[in-house]
Amino acid sequence: MYISENRIKNVAVYGAVTIFCAVFTIIYYRFSHEIYSPYLTWMWCAPFAAGIVGAVMNILRKNRPVHAAALCLYNSGTAALIVYMALRGILKIAGATSSYVIIIGIAGAVMIAAGTIMKMLMIKK
């Protein structure tokens, strides 16, 4: 199934997620007893960059419809990357570790890469 991307909706959603991540980081740091983590500090960059890359891909594709699976992979990968950064930051601040968190980050990166490739190659003519 091919769908058209709504640029205004994408910008609004990625903008809202970026603002949420920044506010989450500020509130979390307020109660973290002056302990900081680069993962939480830069967590807002993931949705911001994903929104910009998505917009650039839209321009390169000349706003042609894209396969729904590509959008799902791209958006799910972005969400997984945000969760990975939040968990890594929270665990670092708490002084704990988990070997399973890295799996979320790898899965997110793979989904973003697959979604990006599909977005650029599977274009309805």
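The model is predicted. Seven residues, Phe-48, Ile-52, Val-56, Leu-60, Ile-117, Met-120 and Leu-121, make up a nonpolar patch on the surface. Helix H4 runs over residues 68-94, and Thr-78 within H4 is buried.

**Nonpolar surface patch**
- Together, the patch residues have about 670 Å² of accessible area.
- Two helices, H3 (45-60) and H5 (101-121), each supply at least two residues of the patch.
- H3 gives the largest share, with 4 residues.
- In an α-helix there are 3.6 residues a turn, so residues three or four places apart point the same way.

**Met-120**
- Met-120 belongs to the nonpolar patch and sits in helix H5.
- Its relative accessibility is 31%.

**Helix H4 and its end**
- H4 has 27 residues.
- From first C-alpha to last, H4 reaches 39 Å, close to the 39 Å expected at 1.5 Å a residue.

**Thr-78**
- Thr-78 is located in helix H4.
- Thr-78 counts as buried because its relative accessible area is 4%, and the cut-off for buried is under 20%.
- Leaving out residues up to four places away in sequence, Thr-78 touches Tyr-14, Ala-46, Pro-47, Ala-50 and Ile-112.

Terms used: Residues are numbered from 1 along each chain as its sequence is written. This is a predicted model: local features need pLDDT of at least 70, side-chain atom pairs count only at pLDDT 80 or more; totals for chains, interfaces and linings use all residues. Side-chain values use heavy atoms; hydrogens and water are left out. Patches are made of residues with over 30% relative accessible area and no salt bridge: like charges are joined within 9 Å, nonpolar side chains (Val, Leu, Ile, Met, Phe, Trp, Tyr) within 5 Å. Accessible areas come from the Shrake-Rupley method with a 1.4 Å probe; for residues, only the protein chains shown count as cover. A salt bridge is a side-chain nitrogen of Lys or Arg within 4 Å of a carboxyl oxygen of Asp or Glu. Buried means under 20% relative accessible area, exposed over 50%, partly exposed in between (1.4 Å probe, protein chains only). The expected span of a helix is 1.5 Å times one less than its number of residues. Contact means heavy atoms within 4.5 Å.
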